[in-house]
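Me: I have a chain open on my screen and would enjoy talking it through with you. Could you walk me through a few of its features?

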Amino acid sequence: MLVRRGWFRRRTCAGVFEADPAVGYLSLPDEEETFAHPGGGDVCTAIQFAPSLWASLFGEHRPATPAVYVDAALEFAHRRFIASTRQADPDYALPESLLALTRAAIGPAPHLGTQAAPHPGARVTDRDIVARARIAIVERHLAAGTLLSLAELLHVSPFRLSRAFTREVGVPLTRYRNRIRVGLVLERLEAGDTDLAGLAADLGFADQAHLTRTVKEHVGHPPAALRRLLGTTGV
């Protein structure tokens with residue numbers, strides 16, 4: 001629970017805790033809790049995890065204290081995340097930013113087991129995981145559409161996959177996936193494809209406008225201009 005404005009009082013069997021914009025908390029499903037609002041109203045963000053997702057991220061780990069110190073940088077990240085939820089998420093980038101926000105708030109996930117190594121006793125490295133993730137994206141595997149589904153395919157924590165991917169490749173997984181899709185758009189435009197709506201549907205974009213925005217972001221030109229630059233206008 002992260003507080004954006006105001007403060008309130010939370011009581012559990014462990015005692016009384018005041019939550020405010022600088023101190024949030026982690027609540028566990030088996031805890032009984034009551035609340036009081038002596039300071040008036042408040043505005044908060046509650047992030048909930050399904051038990052299976054929590055297990056994949058943290059295993060049986062429970063922080064020693066439920067209190068979460070929220071420094072100014074974390075509050076800024078929190079507010080940026082809230083702002084991003086007010087727009088459509090055709091690239092499925094929100095899960096990555098949400099996991100980054102959670103990791104920043106409650107600390108890094110402990111090391112969890114990964115997919116069985118190809119040889120007995122061999123350890124699957126982050127580089128191996130990222131290589132398999134890239135192959136899944138390039139081959140357009142159905143599970144490569146989101147961070148969570150791709151991590152499940154690779155039997156790794158989404159935290160580990162997201163962190164390792166950015167470190168190994170230099171860009172977040174979502175941007176890499178879009179880069180691959182933009183490459184496919186360029187290939188199809190060069191071959192003379194003019195049906196942008198059909199191209200968007202075929203390559204997994206939300207719609208033609210989403211394809212156009214993504215292409216322009218990566219290349220600097222919309223598809224119509226690219227057809228001219230590639231010499232395929234009228235083909």
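**Loops, a hairpin and a helix crossing**

Me: Happy to start with a loop: where is the place of R140?
Reply: Helices (H or I, at least four residues) and strands (E, at least two) are DSSP runs here, numbered from the N terminus. On that numbering, R140 has its place in the loop between α4 (126–138) and α5 (147–154). Please keep in mind that this is a predicted model, where local features need pLDDT of at least 70, side-chain atom pairs count only at pLDDT 80 or more, and totals for chains, interfaces and linings use all residues. Residues are numbered from 1 along each chain as its sequence is written, and side-chain values use heavy atoms, with hydrogens and water left out. So the place asked for is the loop between α4 and α5.

Me: What is the phi of R140, and what is its relative accessible area?
Reply: R140 is not a glycine, yet its phi is positive, at about 60°. Buried means under 20% relative accessible area, exposed over 50%, and partly exposed in between (1.4 Å probe, protein chains only). R140 is partly exposed, with a relative accessible area of 42%.

Me: Which loop holds H155, and how accessible is H155?
Reply: H155 also is not a glycine and has a positive phi of about 60°. Its loop lies between α5 and α6 (158–169). H155 counts as partly exposed, because its relative accessibility is 47%.

Me: Which residue in β3 is the bridge partner of F8?
Reply: Two strands pair if DSSP finds at least two bridges between them. Strand β2 (residues 8–12) and strand β3 (residues 15–19) pair in the antiparallel sense over five bridges, and they form a hairpin with two residues between them. Within β3, the partner of F8 is A19.

Me: How are α7 and α9 oriented to each other, parallel or perpendicular?
Reply: The axes (lines fitted to C-alpha atoms over the stretch in contact, with angles from 0 to 180 degrees between N-to-C directions) of α7 (residues 173–190) and α9 (residues 208–219) come within 10 Å and cross at roughly 100°. Angles under 35 degrees count as roughly parallel, over 145 as roughly antiparallel, 65 to 115 as roughly perpendicular and the rest as oblique. Therefore α7 and α9 are roughly perpendicular.

Me: Which residues of α7 make the contact with α9?
Reply: Contact means heavy atoms within 4.5 Å. On the α9 side, the residues include L211 and V215. From α7 come R175, N178, R179, R181, V182 and V185.
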